[in-house]
Amino acid sequence: MNNDLQIYNTLSRKKERFVPMQPGKVNLYVCGVTTYDYCHIGHARMFVAFDVIVRYLRYLGYDVNYVRNITDIDDKILRRAKENDEYFADLTERFIAASHEDEAALSVLRPDHEPRATAHITEIITMIEKLIAQEYAYRASNGDVYYAVRQFDGYGKLSNKNPEELLAGARIEVGELKRDPRDFALWKAAKDEEVGWDSPWGYGRPGWHIECSAMSTCCLGESFDIHGGGSDLMFPHHENEIAQSEAATGKHLANYWMHNGSVRVDNVKMSKSLGNFFTVREVLARYPAEVVRYLLVASQYRSPINYSDQGLEQAAAALERLYLAIRDAGAETARDLTNSRYEKAFRQAMDDDFNTPEAVAILFELARDLNKAKAEDPAHAGELARLLVKLSGVLGLLQGSAQDFLRNSAADVDAAAIDDLIAQRRQARQDKNWALADEIRDKLNAMKVVVEDGADGSRWRIERE
């Protein structure tokens, strides 16, 4: 088993050698989406970042238990359902299905478990009862239950925030009956006509933070290896998870905390108010899914990523180079290359806190040598192509047909229409109607279609700018 993997631990603010709690096994929990709308490109960053992490851990031979939750009860969900005049569960089911479609398009593997908050109300209530019994939480006169931040000595250790400084900036909203402005809701009282569940404190629903504490504990136990999510969740969500879980159990929640970087659009923070907010569906309507995935993979997971049309065009061109390298190289029938310098370098890059930019650079070095070998040593070229496909697969890339990608590397390609034009051109050439053949060729050129004529017929691909 690999002993060289280093992971940047947000909790310690340094890279640490990864040592799982159980040899050969990894328990990983990632905070998923709140299902009241379509997933945006920031969600895609999280999906893909942790998909690559899980793929690499499994490549190393670990038995990974990957849990990613679904928040299906939340104030945002209830507001949206009310706006739509729709039952909240119908709303969440619709957007859960949409999220799964987006993930599948981006070749994101489904987690092993996908717990929903509404299925863990009993566990949530039990954890709140423990916190009240241990005086880490209290019931307000209006039926709300709050976590008493002042009671937890380690509050702020993940986000590196000083609890007293947080007190200076905290506010109590209208209707809240907190003892301390920093306290947060574990249970929210609800009216009889509102969505809710019976509890020892009356009818109501859980607060957002307690949901993940209950679900992670239920699925993975009181302590587990890795907890992950977007950098925007570090505070207050993950900070509050630590406070709740560790107060309730007396144990460390997770040994390693991992946070993926944010997404900027043309170097500006993504925001609906700025009009630069894109859902995954909007992006996939303009660019092939693998191109979008490449853009997300090409940056190290912790770094901010810039989403732009220029970046996506560069991603498409990079993928074309890789697919052209493996096309017709005989990867399917070649033998496996073992102990190669390429794979060693790839692992060295990924062992450095999943350094995907360096790993991608190794893929291009491999592709370059593969192209040279095609003319000099076809058998070796096949071996290199097979290795290129294998290592790319760890990043979720190059798992499709080279010909399909090269024919469809732009989302607006009408492959059937191009096939028809090429068939017409072939017939014109057979009829020796050279004027018509040239006319069709000019039309294809205008469509940026590169036609490659060979002894076994013609094939085509889209020309990158």
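Some ground rules before the close-ups. This is a predicted model, with local features needing pLDDT of at least 70 and side-chain atom pairs counting only at pLDDT 80 or more, while totals for chains, interfaces and linings use all residues. Residues are numbered from 1 along each chain as its sequence is written, and side-chain values use heavy atoms, with hydrogens and water left out.

**View 1. The largest nonpolar core, with 84 residues.** A nonpolar core here is a set of buried Ala, Val, Leu, Ile, Met, Phe, Trp, Tyr and Cys residues joined through side-chain atoms within 4.5 Å. Buried means under 20% relative accessible area, exposed means over 50%, and partly exposed is in between (1.4 Å probe, protein chains only). Phe-18, Phe-346, Phe-354, Leu-370, Leu-388 and Leu-395 have the most contacts inside this core. Helix H1 (residues 41-59) is its top contributor, giving twelve residues; helices (H or I, at least four residues) and strands (E, at least two) are DSSP runs, numbered from the N terminus. Apart from this core lies another one, of 43 residues, with Ile-73, Val-145, Leu-166 and Ile-242 among them.

**View 2. Phe-18 and its ring partner Tyr-62.** Skipping neighbours within four places in sequence, Phe-18 is in contact (heavy atoms within 4.5 Å) with Leu-5, Ile-7, Val-26, Leu-57, Tyr-62, Asp-225, Ile-226 and Tyr-256. The structure holds 14 aromatic pairs. Rings of Phe, Tyr and Trp (its six-membered ring) pair if their centres lie within 6.5 Å, with planes under 30 degrees apart counted as stacked, over 60 as edge-to-face and the rest as tilted. For Phe-18 and Tyr-62 the ring centres are 5.8 Å apart and the planes sit at 75°, so this pair is edge-to-face. The two come from distant parts of the chain, 44 residues apart: Phe-18 is in the loop between strand S2 (14-17) and strand S3 (25-30), and Tyr-62 is in the loop between H1 and strand S4 (63-68). Both Phe-18 and Tyr-62 are buried.

**View 3. Tyr-323 and Phe-405, a stacked pair.** Here the centres are 4.7 Å apart and the planes are at 20°, so the rings count as stacked. Tyr-323 belongs to helix H10 (residues 309-326) and Phe-405 to helix H14 (residues 402-407), 82 residues apart. Tyr-323 is buried, at 0% relative accessible area, and Phe-405 counts as buried too, at 6%.

**View 4. The largest pocket, with a volume of about 1200 Å³.** On a 1 Å grid over the protein atoms alone, a pocket is an open set of points with protein on both sides within 12 Å along at least five of seven lines, a cavity is a set where a 1.4 Å probe fits but cannot get out, and lining residues have an atom within 4 Å of a point. Points are joined across faces, edges and corners, and a volume is the space filled by probe spheres set on them. Of the 40 lining residues, His-40, His-43, Lys-76, Asp-232 and Leu-233 lie nearest the centre. H1 gives the most to this lining, with four residues. By class, the lining has 14 nonpolar, 16 polar and ten charged residues; Ala, Val, Leu, Ile, Met, Phe, Trp, Tyr, Cys and Pro count as nonpolar, Asp, Glu, Lys and Arg as charged, and the others, Gly among them, as polar.

**View 5. The second largest pocket, at about 720 Å³.** Glu-176, Lys-178, Phe-184, Ala-185 and Lys-188 are the closest to its centre, out of 29 lining residues. Strand S7 (184-189) supplies the largest share, four residues.

View 6. The largest cavity holds about 90 Å³ of space, and its lining includes Arg-45, Val-48, Tyr-301 and Phe-354. H1 supplies the largest share of that lining, five residues, and the classes are eight nonpolar, two polar and one charged. The second largest cavity has a volume of about 40 Å³. Gly-32, Phe-47, Arg-68, His-100 and Glu-114 are among the residues that line the second largest cavity, with four nonpolar, five polar and three charged in its lining.
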